[in-house]
Each structure stands twice: as C-alpha cells, then as structure tokens.
Amino acid sequence: MAETIFFIVFALGALGFSAAVLIAKNPINSAVMLVCSFFCLAGIYVMLSATFMAVIQILVYAGAIMVLFIFVLMLLNIRDDEIEAPRLSIHQGIAILAGTGIFFTIALSIAAWSGSSSRVAHDTMSDTFGTVEPIGDQLITSYVLPFEMAAILLLVGIVGAVVVAKKRF
Amino acid sequence: MGNPAFDILSILPFAVACSFGMLILLLEVFQRQTASRSYLAGIAVVGFLLTAFVSGSFLPTGTARATFGGMAWIDGYTQIFTSLFCLAGALTAMIAPRYLQEHGADRGEFYALLLFSVAGMIMMVAAADLVVFFVALEIMSIAVYALAAYTRRSKLSSEAGFKYFVLGAFASAILLYGIALVYGATGTTNLAAIGQAFGGDVARGATGDAAAMSTLAQNAIVAAARGADVSVAAVIGNTGAGAVPLAILGATLILIAFSFKIAAVPFHMWAPDAYTGAPTPVVGFMAAAVKAAGVAALFRVVSVALFSDSFRGGEYGWVQIFFALALLSMVVGNLVALVQGNIKRMLAYSSVAHAGYMLVAFTAVGFRGGDISMGSGLVFYLFAYTIATIGAFGVLSWLGSRGMPCDNFEDLDGVGYRYPWIGLAMSIFMLSAAGIPPAAGFIGKFLVFKSAVAASAAGGPGSGLLIFLVVTGILVSVAGVYYYLRVIVHLYMKKATREVPEMPYGAARWAIVICAVLTLALGVLPGKLVNSSEQAVGQMAGRADGVYQQSAEAPLPTPGGIRLIR
C-alpha cells in the first residue's frame, strides 16, 4: 500500500516536472525542473531495488550534468526579451502528430507486455540486488570488455572536445 | 560462477589501434608549435598496417570464437572488415597531411582520432552484444564528430560538425531506447540470444503457442546445471506473447538508428550538409569507412539477431522495411544528386544512393529467410565503394587549397590535362561509382543485384517486388551515370583554370594512385576478394543455424547478465 502511494507520488512528480521543463519560459527554470524530475526518477529506481542506479542518477545527472547545463545557460546569458514566443509552424504540427503516434505505439506495446508476462517476483531477489557489489562484480567479469572500451570512449570524448573547443591550432 | 576467460589476444587489433592513437597524442605534446606534424601521419599509417597485420596473422583463420564471455566474435567476418577499415584509415592518413597544412590545422590529434574511430569500427563489427556494440559505435561516432569539425576556423566545418553531432546524438538516443526495449522484451542484450528469443519464444508466442519452452530458457537451465546462475531462468520467463510488440518496436528503433548512420532515406538529411562542410579528407572517411562500418555491423545484427528462425522470414515486415529503405534511398539519392552544383554535395547524395544499393542485398537476404550467403556481394560492394569514395575525396582534397577550394564542378575544369594522372584516377573513381566496367563498382553492383534476382527466382509472394527493386535500381543508376560523367566532362572538355601549389608532402598522390590501382584491380580480377567475402560471410559466428554456432567450450551467452541470486 505504502509502495503504491510512493509510486504515485514519484510518477506524478516525474511527469509533472517533465511537463514543467517544456512549459517553463526561462531556461534556468527549465533546468531546475529537470533536476526535480531526475530526483523523482531516482525515487522510482529505489522502489525497483536499483539503489545503485538511483545514487548514480542523483550524483551524475542531477549533480554533475545539471551543473554543466546551468553553466552553459549562464555563459550564454539569454535575456528575457531574446526568448521568442513559440509559434506553431507546419513542421511542428507534423512533429506533434508523429510524436503522438509514436507515444501511443510505445505505450500500447508496453501495456501489452506488462499485461501478459510473468515478471521477476520480488522475493526471488537476493539482498544485494541492485547494490554496488554485484554491479562491480559484473563490470569486471562479464562486462569487462565494454567497461574497458568505455575508457577509450572517455578519452576520445576528451580529445574531441579539446580539438573542437581550443582557441588556436 | 567462474570468470570468463579473458582472451586478450583476440582484441589485439582494437588494442593496437588504440595504442597508436595514444602514442600519437603523446608525441604531439612534445612538438613545437610550428613544427610540421606530417610524420605523425606516417606513424598512423604504420599503426593501421600493424592493426590489419595483427588481425590477419595472430588469429587463426577459419576459426570463429566468442571472446570475453560472449561479448565479441572474432571470425572471418570481423577480420575482413578490420582490414577494410585499416585500409580506409591508412589512405585517409596519407591524404590528410597536405590538406591540413593548407588549411592551417596541422595537428596530431587528427590522426589519433582517426585511429580511435577505426578501433571503434573494428569492435562494432565484432560486437556480439548490444552493449559492446553501443560503446563501439560511440567511440567511432564521437571521434568522427570531432574530425568533421576539425578545421574550426571554417564556419562550414563547424556547422557540419555541429549538425552531425546533434543529429548523431539523437540517433544514438533512439538506438539506446531500442536496445532497452529489446532487452525488456527478451531479457538479454546478447545478439545470439536475442535471435533465439525472436525465433523461438517471441515468435511462438505470436502464434499462440506460448506454452512451448524457449530455447533461451533451456539454455539457462543448461547454464544452471553447469553451476552458473540459476535465477537467470526466472528472468527469461519474461518473453511471451506480450513481448512481441515491444521486441518489434525495439528492433525498429535500432534499425532507424542504423539507417541514420548509413544515411539511408528518409534518415539522410544530415549527410549533404555534413559532407559539404567537413574537411574533405574527413568526408571521404565518413562517406566510406563510417558507412561501411554501419552496413557491416547492421548486417551482423540483422542476420544474427533479427532474421533468425521464424522472425526473419518477413513475418513482421523486416523485408518490407528494407525494401522501402532501399527503394527510397536509390531513387531519392540518384535524382537529387542530378541537380547538385557542388561536387561534395553530389557525392553526398550519391553515397545515399549507394546505401540504397547496399540495402538491396539486405532485402534479398530477408526475402530468402535470412540465407546470409546472399550477402556476400555486400562485402565486395563495400570494398569497391570504400576505395573509390576515399579516392574521389582524396582527389578533391589534393586539388583544393585554402582560398581556392575544389568544391564545384567548374573547379575541376581542365584538370585532366594539367594533371593527367590525377584526372585519370578521378575518372576511374567516377566510373566505379557509376558501376561501369572495368572498375570495381560494376562487380559490386552486379553481385548485389544478382543476389536479389537469385532470391526472387525461388518464387513466393513478393518475388515480383524484388525484381521491381532491381529494375528500379538499374534504371536510377543509369540516371546516376549522368552526374558521374559530368565530372569527367569537366575534367577533360573544359579549359584549365587552376594551378596546384607544390607541397613537400606527396603521400596524398600515392594514396590516390593506390585507390585507383585497387579499383581497377578489383574490377578486372575480382575472384579472390569475391571468394574471401563469401568465406567471411559464411563464417559469421553466432548464427542459430550456422556451422559456426558457438562451440561447446565457448561460454553460453549470459542473458542480460543479471545475477539475482549469488
């Protein structure tokens, strides 16, 4: 019972804040709403026993990435009068139609799936499920190859960013 | 739960390419600001050759193996594409120094990024798991985004890099969502396991036979008996009739992301702008190697995961999807290329059309119920296409200098007389792209269309459509001859207007010569490469019905890798 209440709170929170991200006029407000939405998502992760995911969600997304967003927004220094009121063009009309269609396709597929299948029951999970230990264990055993490749990915990202951003050649 | 064997030797090509990338980054640090960096290109070429050598010699041929606990497949298919990517990388590294010096962007990072992106391509093709595939795709993509924006002083280059980056990030997000949905439906990211789930459980669920035990669940039980983890079977229980729409949706999203990477219509919008603005040697690399990597990886993913068993026969419309993509790409690419005045833009649309020809092979494979031997023409096509494309962009970057870019058809006027060898090479590349013998492009096109005709010869519903696809392909490629010949007309039938300054670093010319010779050689004596591409496709590992299905000693795919009970 308590679980359902928490779920409703987090789910509605995530939806509401996400909508607010889109509606808010000031980009800074959008960013703050996004942080709130991330927190609600983290709550849902906790309820799914994915505690490590929840912590990472807050540390990386709500923390590091959002700070970056806000820095960029501050550097761009957009004044209120520069923000134009959104106008509905024919492109946006098509995009809204397509988006709605895709939304219903995905929603119906997920509904069909969740209605029919036997999902993992909670009581089959071990106590350590979703904690750092099994994830770390997986990362250096089964998933060691993608884990090491991610190191190269980060290096490429850094070099690429420096190449694109540095002042002079 | 025993650790999977870490077969370091099997990913040696990836490691060598990455090490050379890092070596170049380190050497760059010790450079004086004004010193020439051209020798770094030499190191990069050595790196590419060593990577290809390692891939070819340290791994016994004809033996496919799954390494790192079923995370990557090292087989003939990986090897042949490793050599193609290394060739593309080496040629680009030879073409680039001159262009970079001309444009005041002579820095070592260029070659490092080139090596990293080739390393990513190698793992993309080798990937046996969608997680590995995604990381590899990102290594390749991010390196190429940076390369596209490399000559940052040029506004066009920045624009190209930015557009490519934003749209590419969007495609990556779609891919990730698709992977997540497929994982949700099948409980695994392993390609072979997805193939089994699609072929067995998911498909059977669709026909109402949900009671049938999935191959996957059986696998999990076998794994459990071996002392691996018992609870996996519980996770596998996910798949059932309800998972079908989710799996299809996920697979469709994955296909969309691939279509973006290979610039197939209607996901080609970024290509013309990115190709026009990016530095010319990079455009050659993007149009050739990145597209080849996308097509090669798509072929692996499709033939292992999506075409397997009952799922592949077109029951859920893969054939139709590839049919539509191929038709649209061929028609739109060729017709829009007709009216372009900018050569780079023309080649961009022509590369869209080439993506269409490649997708004809996918349609044929799908039509024949996933008989992947139909796809061997594709491997040859990719070789022919890659070499000719890099050569063509190599000519454009050799001719173009700062302030006098070689972008429009008029810029080629009279080059055929002023620089006879370069003109001849460019003509060969154009003939190859148009598919005129004796250039390699002809054999490639012939093999691809032949496979489609052979597939339709078996009859059955839709074989008429396949013939329609081939006829349309041939008709639009005849239309395509117009714009390729237009290049040759400008080369030889107009008055010369330009002078190319002498540069000390002449490797670019050698690269162009190598491309031209290879294009001709593959066109005249295609036998050896045709054989090895048939072999490579035949050896593709992980297929449920293939000879090279994972051997007993190779670890079973770890579905999802989730360990619920320890």
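**Note on the largest cavity and overall build of chain B**

1. In this predicted model, H16(B) contributes 6 residues to the lining of the largest cavity, which is the most that is given. Helices H15 (343-367), H18 (420-434) and H19 (440-457) of chain B, like H16 (376-399), each supply at least two residues of that lining.

2. The largest cavity holds about 170 Å³ of space, and of the 18 residues that line it, those closest to its centre are His354(B), Tyr385(B), Ala388(B), Thr389(B) and Ala433(B). By class, the lining residues divide into 9 nonpolar, 8 polar and 1 charged. The count of cavities of 30 Å³ or more comes to 6.

3. Among the contacts in chain B with a separation of 6 or more, 81% are accounted for by residues 24 or more positions apart.

4. The accessible surface of chain B comes to about 18,600 Å², and carbon and sulfur atoms account for 69% of that surface.

5. On the cysteines, a search of the whole structure, over all chains, finds 0 disulfides. Cys18(B) is buried, at a relative accessible area of 3%, and Cys515(B) is likewise buried, with a value of 0%; both are classed as buried because their relative accessible areas fall under 20%.

Conventions:
Residues are numbered from 1 along each chain as its sequence is written. Chains are lettered from A and ligands numbered from 1 in the order in which they are written. This is a predicted model: local features need pLDDT of at least 70, side-chain atom pairs count only at pLDDT 80 or more; totals for chains, interfaces and linings use all residues. Side-chain values use heavy atoms; hydrogens and water are left out. On a 1 Å grid over the protein atoms alone, a cavity is a set of points where a 1.4 Å probe fits but cannot get out, and a pocket is an open set with protein on both sides within 12 Å along at least five of seven lines; lining residues have an atom within 4 Å of a point. Grid points are joined across faces, edges and corners, and a volume is the space filled by probe spheres set on the points. Helices (H or I, at least four residues) and strands (E, at least two) are DSSP runs, numbered from the N terminus. Ala, Val, Leu, Ile, Met, Phe, Trp, Tyr, Cys and Pro count as nonpolar, Asp, Glu, Lys and Arg as charged, and the others, Gly among them, as polar. A disulfide is a pair of cysteine sulfur atoms within 2.5 Å. Buried means under 20% relative accessible area, exposed over 50%, partly exposed in between (1.4 Å probe, protein chains only). Contact means heavy atoms within 4.5 Å. Accessible areas come from the Shrake-Rupley method with a 1.4 Å probe; for residues, only the protein chains shown count as cover.
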